[in-house]
Amino acid sequence: MAKILGIDLGTTNSAMAVMENGELRVLENNEGNRTTPSIVAMSKSNERLTGLLAKRQGVVNPQNTVSSVKRLIGRKFSDPEVKRDAAWLSYAIKESAQGGVDVKMGDRWYTPEEISAMILQKMKLDAEAKLGQPVNDAVITVPAYFDDSQRQATKNAGEIAGFTVRRIINEPTAAALAYGMNRKKNEKIVVYDFGGGTFDISVLEIADNTVEVRATGGDTHLGGDDFDKRIIEFLVSEYKKQEGIDISKDSLAIQRLKEAAERAKHELSTAMESEINLPYITSDAAGPKHFVMKMTRAKLEDLVRDLIDHSIALVRETVTAAKPKGAGLQISEIDEVLLVGGQTRMPAIQEAVKKLFNKEPHKGINPDEVVAIGAAAQGEILSAKDENRKTEGEVKDILLLDVTPLSLSIETLGGVATPMIQKNTTIPTAKTQVFSTAADNQTSVEVHIGQGERPMMSDNKTLARFILDGIPPSPRGVPQVEVTFDVDANGILNVSAKDKATGKSQSVRIEASTSLNKEEIERLKQEAAAHAAEDEKKREFIEAKNQAESAVYLAEKGLKDAGDKVPQELKDSVNARVTRVKEVKEKEDLEAIKTATQELTQELQKIGELLYNNKGPDAKGPEPEKPENTA
Amino acid sequence: MSDTEHNAGAVPQEEPQDTAADECRRERDEYLDGWKRAKADLINYKREEGDRIAHAMKTGHERVMKDVIAVLDSMDLGLMSLADDNSAKKGMFLIKAQLEDSLKRHGLERIAVEAGEMFDPLKHEAVGMMESPFPEGSVAEEVERGYSLYGKVVRPCRVRVSKGHS
């Protein structure tokens, strides 16, 4: 099955994704990274470098390192955008014979298509290496505002790289596809895309399986990099104020500061405060100087507030301005908002967008990868059409597998509900566990089956009870009763219990284990959530009580087995503690039970030690037993 | 013509049985295929999951390592700032060596670089140029150390590239 690669060919970084085993997956490049810098270079030794390698030598070879070529592709040399960008591009550009742009790299002039093709070719080779099969077809994304000439040039770049370009799709459309928005009907969607170097807004309208771009807007020179710059400027000026040293000219200090600032920016997306700590950042006559500064989320927001406000003003304009400048819509008419681009992880941006539209924006998919994922989704749709099959996602849906809505449990010592099959387990499924008896010479066990999330069986819904008898009399914990819960595809639960010694078994069939009505499931779930704290206490209490009982049992058995080998003094001490445990066990004081049990256990250890140390290897102290799962 | 009619007349008698059996066979094959696929999917998933976990165990601490590299940088600078006869210097040097040794056991290794070797973007990142006795385009000096984690460059050596003699 030939795969169609989805490619997000970005201004600063590119990413690729593919459908694999029914899941859309971002592919790592050869360097093991999920994004590839959109940079190509001709090294001083006349070697062509692409991606990260080109980036690493950019500083010392700027005139032969081509970045941001997306800003030039398919444009006329006379285009005002090109004129504006020419001022800061590190490499030479000139007007081509056809009035387009040519880019100089090494001793040759290239078209922007050729440069983009080099990036695409690297991605093709890396994808082939990763997937272990040739990848000939691709879906490539472009900004929604790209005109025909820019789209054609991007398509040409793909063909030069050796791809059959199956489709050129808009980046916001790809984002909508990644979120499955194409299945919605008559919706208006805003895509807020804050990348590293560009900010794009698109207003989309979905109708009858088509995605129409109603308006686009943004700022081609606003991005996350501006945020980083602001933070660094602030840190440098604060340091100058504090220490009187200007570190802006020290390239190593700035490099360290840049990395620390980026870390702080990421950290402040989840934390309220971050510390930037760079020992030995510089030195003066007095000796080494360190950089230690706390930065709060509020401060960061303060530094970039105007940039966020500017982006929001642009969104408002793109949505509400009359056509053709905007979509001519009311803000309230927008049904969904999607966030794209790494910078949208910033809580202040999410809040600002939420406030404008008065609804929560979608942000579940990694915003750096959502466009590539969407391109791969489009690739899968085309691939399925070629092979006359359903798309992989849909194929999965044909065989609908149910899940158990609530946990299925068995009652164990102290009325505890011990889950055998956890809630949300896909069925059919089965689970077997071995249980034992709670008392000496117990000849029957009751299997009590319940459903629900509460830790105590009495709070859950009872499904069935049955008794397995005929267990040969033996000390507690010795008999082995194997209990199996089996839920078939129709949700019918079969529970069987078998005594492993005699082979005797009993079973019950429960028809309606998964067919509770919605209200009942909801009620049980809510009850579990509402009583979580109190239930936890109860469970802890029962556990402590079980442990206390177990310790008493071990002590009595230990004393009996050891007979005269234990000095009377120790016997009395153990007996006193046994009495104490029995006393507190009946009271509702958890701490008292725990303390008494611990004291008793310590005394028991003394018996063990005594028997082992003094009486040789044949002597046996009370054997440690794990607390029984006692049915 | 009459043959055709005769045949046509005979078919309906046998058809219901055949169709039902065929339908059953078709369904059986479909279900068996589905079952086999589900089983194969699970086996493949388990294997892939195993590979993924092994990969994650190996590289999952890449972020942690990157943070630790920043600490190693500070230690390097700290050591450089101390005079050679400073009694604390040796101790600090040993602590750093101890830390580097334990990181090495977890796959993190220093990338060696020497002034004069040719600049290689596979393991070097240029941060500037300077005059030096070394040929143009070679490494003039190391500014920050580079590290690899199980062979993957997690931070290239930051170097100044030689402009040659003036």
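- Strand β5 of chain A, which covers residues 39-42, is paired with β6(A) over 3 bridges in the antiparallel sense, and A:Val40 is found opposite A:Thr50 of β6(A).
- In general, the strands of a sheet pair through backbone hydrogen bonds, in either a parallel or an antiparallel manner.

**Two loop residues with positive phi**

- A:Asn46 sits in the loop that lies between β5 and β6 of chain A, and its phi is near 60°, a positive value in a residue other than glycine.
- A:Asn46 counts as exposed because it has 9 C-beta neighbours inside 10 Å.
- A:Ser68 belongs to the loop between β7 and α2 (80-86) of chain A, and here too a residue other than glycine has a positive phi, near 55°.
- A:Ser68 has 18 C-beta neighbours inside 10 Å and therefore counts as partly exposed.

- Strand β18 of chain A (residues 336-340) is mostly covered, with 5 of its 5 residues buried.
- A:Glu336, A:Leu338 and A:Val340 point one way from β18(A), while A:Val337 and A:Leu339 point the other way, and all of these residues are buried.
- Strand β13 of chain A (residues 187-194) runs parallel to β18(A) and is joined to it by 5 bridges, and within this pairing A:Val190 has A:Val337 of β18(A) as its bridge partner.

**Helix α13 of chain A**

- Helix α13 of chain A (residues 532-562) consists of 31 residues and reaches 44 Å from its first C-alpha to its last, which is close to the 45 Å expected at 1.5 Å a residue.
- The buried residues of α13(A) include A:Ala544, A:Ala548, A:Glu549, A:Tyr553, A:Leu554 and A:Gly558.
- Just after α13(A) comes A:Gly563, which takes a positive phi of about 55°.

**Helix α7 of chain A and the contact with chain B**

- The contact between the chains takes 19 residues from chain A and 23 residues from chain B.
- On the chain A side, α1 (52-56), α7 (251-267) and β16 (273-284) each supply at least two of the residues that touch chain B, and α7(A) gives the most, with 5 residues.
- By class, this side of chain A has 10 nonpolar, 5 polar and 4 charged residues.
- The 17 residues of α7(A) should span 24 Å at 1.5 Å a residue, and its end C-alpha atoms are 24 Å apart, which agrees.
- The buried residues of α7(A) are A:Ala253, A:Arg256, A:Leu257, A:Ala260, A:Ala261, A:Ala264 and A:Lys265, and what covers them includes α6 (224-243), β16, β17 (287-296) and α8 (297-320) of chain A together with α2 (62-81) of chain B.

**Chain B**

- Chain B has 3 helices and 6 strands, which follow the pattern α-α-α-β-β-β-β-β-β when read along the sequence.
- Of the 166 residues in chain B, buried residues make up 16%.
- Among the contacts in chain B with a separation of 6 or more, 60% are accounted for by residues 24 or more positions apart.

**Confidence in chain A**

- The mean pLDDT of chain A is 87, and 94% of its residues reach 70 or more.
- Confidence in chain A is lowest in helix α11 (residues 392-398), at a mean of 51, and highest in strand β1 (residues 4-8), at 97.
- Over residues 616-631 of chain A, pLDDT stays under 50, and the model has 45 contacts beyond four places in sequence for this stretch.
- Where pLDDT is low, the predicted coordinates should not be read in detail.

How values were computed: Residues are numbered from 1 along each chain as its sequence is written. Chains are lettered from A and ligands numbered from 1 in the order in which they are written. This is a predicted model: local features need pLDDT of at least 70, side-chain atom pairs count only at pLDDT 80 or more; totals for chains, interfaces and linings use all residues. Two residues are in contact if their C-beta atoms, placed from the backbone, lie within 7 Å. Helices (H or I, at least four residues) and strands (E, at least two) are DSSP runs, numbered from the N terminus. Ala, Val, Leu, Ile, Met, Phe, Trp, Tyr, Cys and Pro count as nonpolar, Asp, Glu, Lys and Arg as charged, and the others, Gly among them, as polar. Two strands pair if DSSP finds at least two bridges between them. The expected span of a helix is 1.5 Å times one less than its number of residues. A residue is buried if 20 or more other C-beta atoms lie within 10 Å of its own, exposed if 12 or fewer, and partly exposed in between; C-beta atoms are placed from the backbone. pLDDT is the predictor's confidence in each residue, from 0 to 100.
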